[in-house]
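Biologist: Could you put the model up, so that we can go through a few residues together?
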Amino acid sequence: MVIDEIIGNFEMLDEWEDRYRYLIELGRTLEPLPDEAHTEENKVRGCASQVWLDSKVIREGRGAPLLSLRGDSDAHIVRGLVALILALYSGRPADEIIDLDAMPLFTELGLAQHLTPQRSNGVRSMVERIKNEARAALAA
């Protein structure tokens, strides 16, 4: 699902509980992460729930490499947060990923003030992990 569509859907939902349910639905739309991608190397540190991010670098021509991302979590709401982060970052050039701050989006969607501190830290850990992958792709 594209990020603009997700933002539009969030804007139609006035109640936090509806937004919470929508976030869970987003998590259900994630393609299943293969068992072989549920590795310690793919595990995101700093998340209270278990979260895995799998990235693939795509090099096309002379432009910045693109990052293709897949993810999963063992918690429904966190899986929705993973889906939101993947919609924001996956398929983008590495240099754009480094410059893109996810937190304004979380504030705009009303998520920043409704997430527990642990989940907020987990979101930051996921974003930092993706940015580190982008930096590594640019350095390679």
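This is a predicted model: local features need pLDDT of at least 70, side-chain atom pairs count only at pLDDT 80 or more; totals for chains, interfaces and linings use all residues.

Biologist: Okay, Asp72 to start with. Where is Asp72 found?

Modeller: Asp72 belongs to strand β2, which covers residues 66-73.

Biologist: Is Asp72 buried or exposed, and why do you call it that?

Modeller: Asp72 counts as buried because its relative accessible area is 11%, and the limit for that label is under 20%.

Biologist: Which side chain does Asp72 have a polar contact with?

Modeller: The side chain of Asp72 is joined to that of His38 by a polar contact of 2.8 Å. If neighbours within four places in sequence are set aside, the residues in contact with Asp72 include His38, Leu33, Trp52 and Arg79.

Biologist: And Ser73, buried or exposed?

Modeller: Ser73, which is also found in strand β2, is buried, with a relative accessible area of 7%.

Biologist: What does the side chain of Ser73 reach?

Modeller: At 2.9 Å the Ser73 side chain reaches the backbone oxygen of Gln50, and at 3.2 Å it reaches the backbone nitrogen of Ala75. Not counting residues up to four places away in sequence, Ser73 touches Ser49, Gln50, Val51, Trp52, Val78, Arg79 and Val82.

Biologist: Changing topic: how many residues are in the largest nonpolar core, and which have the most contacts inside it?

Modeller: That core has 41 residues, and the ones with the most contacts inside it are Tyr89, Phe106, Leu111 and Met126. At least two core residues come from each of several elements, among them helices α1 (3-12), α2 (16-28) and α6 (117-139), together with strands β1 (51-58) and β2.

Biologist: Which element gives the most to this core?

Modeller: That is helix α3, with 11 residues.

Biologist: You mentioned Leu111; what does Leu111 touch?

Modeller: With residues up to four places away in sequence not counted, Leu111 touches Phe10, Trp16, Leu23, Leu81, Leu84 and Phe106.

Biologist: Last topic, the rings. How many aromatic pairs does the structure hold?

Modeller: The structure holds 2 aromatic pairs. One of them is formed by Phe10 and Tyr22 in an edge-to-face arrangement, at 5.1 Å centre to centre and with 80° between the planes. This pair links distant parts of the chain, since Phe10 lies in helix α1 and Tyr22 in helix α2, 12 residues apart.

Biologist: Are Phe10 and Tyr22 buried or exposed?

Modeller: Both Phe10 and Tyr22 are buried.

Definitions and conventions
Residues are numbered from 1 along each chain as its sequence is written. Side-chain values use heavy atoms; hydrogens and water are left out. Helices (H or I, at least four residues) and strands (E, at least two) are DSSP runs, numbered from the N terminus. Buried means under 20% relative accessible area, exposed over 50%, partly exposed in between (1.4 Å probe, protein chains only). A polar contact is a pair of N or O atoms within 3.5 Å; within protein, one must be able to donate a hydrogen and the other to accept it, and residues adjacent in sequence count only if both atoms are side-chain atoms. Contact means heavy atoms within 4.5 Å. A nonpolar core is a set of buried Ala, Val, Leu, Ile, Met, Phe, Trp, Tyr and Cys residues joined through side-chain atoms within 4.5 Å. Rings of Phe, Tyr and Trp (its six-membered ring) pair if their centres lie within 6.5 Å; planes under 30 degrees apart count as stacked, over 60 as edge-to-face and the rest as tilted.
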